Each structure stands twice: as C-alpha cells, then as structure tokens.
Amino acid sequence: MLKHESVDRVFHALADANRRAVIERLTRGPATVSELAAELGVTVAATVQHLQVLQDTELVRTEKVGRVRTCQIDPAGLRNAEAWLRRQRTAWEHRLDRLGAVLDDQTKEPGS
C-alpha cells in the first residue's frame, strides 16, 4: 500500500469547518490571529490550535511582528493534495475510457 501521509494530513486538516473557513478567509489576503478568531467566533486560543494544524500541513504560514501574528496562505500543502487528486482523476479517466471501449465493442457485436 502506498503511503500518502502528507496528503492524509492535508485532508484531515481540511475536514474541519473552522479550518476551511480560515483557508477561505486567507484567500482574500493576510489576516491576524485576532481577526480570524473574531470571524470564526471562537477564542484566540482555539484559533491558534487550528492554525497550528494548518501550518503543520503547509496550508498556512504565519509571521510574528511584535505582538501581532499575521497569517497567509501557503500553497505548498495544497500542491500535494492537487497532485494526488490529479493522479486519481487520471486513473479514473483511463478506467472509464476502457469501460466505454468495452461497451462500444459489445454494442457492435453481431447478435446484440
């Protein structure tokens, strides 16, 4: 069995609605932890925990200047998931093409 640990971690991180909301918010531009917490309606501590998961999977990166931590999208984690999805899509397209060819052959056989 193939190991897809980094992809598994990305999908696990994105399985949480709050973390998906953080990603969606950060697609509009950087935000501070406090801003994200306010938009999520959760505590700063809970937001920091969500951000840690997102950072561990390279979906988000943060930078601290003084007392303010600013977050932004890190495309590296999504690239891993995109590559995995692309491979799955290609495999399924090949399977469906073969199925289509078999079905075409069956409809062309005499006595069908």
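A salt bridge here is a side-chain nitrogen of Lys or Arg within 4 Å of a carboxyl oxygen of Asp or Glu. Everything below comes from a predicted model, where local features need pLDDT of at least 70, side-chain atom pairs count only at pLDDT 80 or more, and totals for chains, interfaces and linings use all residues. Residues are numbered from 1 along each chain as its sequence is written, and side-chain values use heavy atoms, leaving out hydrogens and water.

**View 1. R61 and D74 pair up in a salt bridge.** Their closest N and O atoms sit 4.0 Å apart. R61 belongs to strand 2 and D74 to the loop between strand 3 (68-73) and helix 5, so the bridge ties together parts 13 residues apart in sequence. (Helices, H or I of at least four residues, and strands, E of at least two, are DSSP runs numbered from the N terminus.) D74 is buried at 14% relative accessible area, while R61 is partly exposed at 40%. For these labels, buried is under 20% relative accessible area, exposed is over 50%, and partly exposed is in between (1.4 Å probe, protein chains only).

View 2. R25 meets E39 at 3.1 Å, N to O; R25 is in helix 2 (residues 17-26) and E39 in helix 3 (residues 33-40), 14 residues apart. R28 also bridges to E39, with closest N and O atoms 3.7 Å apart, and R28 comes from the loop between helix 2 and strand 1. As for cover, R25 is buried at 13%, E39 is partly exposed at 48%, and R28 is exposed at 61%. The whole structure has four salt bridges.

**View 3. T62 makes side-chain polar contacts with Q55 and R69.** T62 is found in strand 2 (residues 60-65). The Q55 contact spans 3.1 Å and the R69 one 2.9 Å. A polar contact means N or O atoms within 3.5 Å; within protein, one must be able to donate a hydrogen and the other to accept it, and sequence-adjacent residues count only if both atoms are side-chain atoms.

**View 4. D8 and A81 come together from 73 residues apart in sequence.** Their C-alpha atoms are 8.6 Å apart. D8 is in helix 1 (residues 5-14) and is partly exposed, at 48% relative accessibility.
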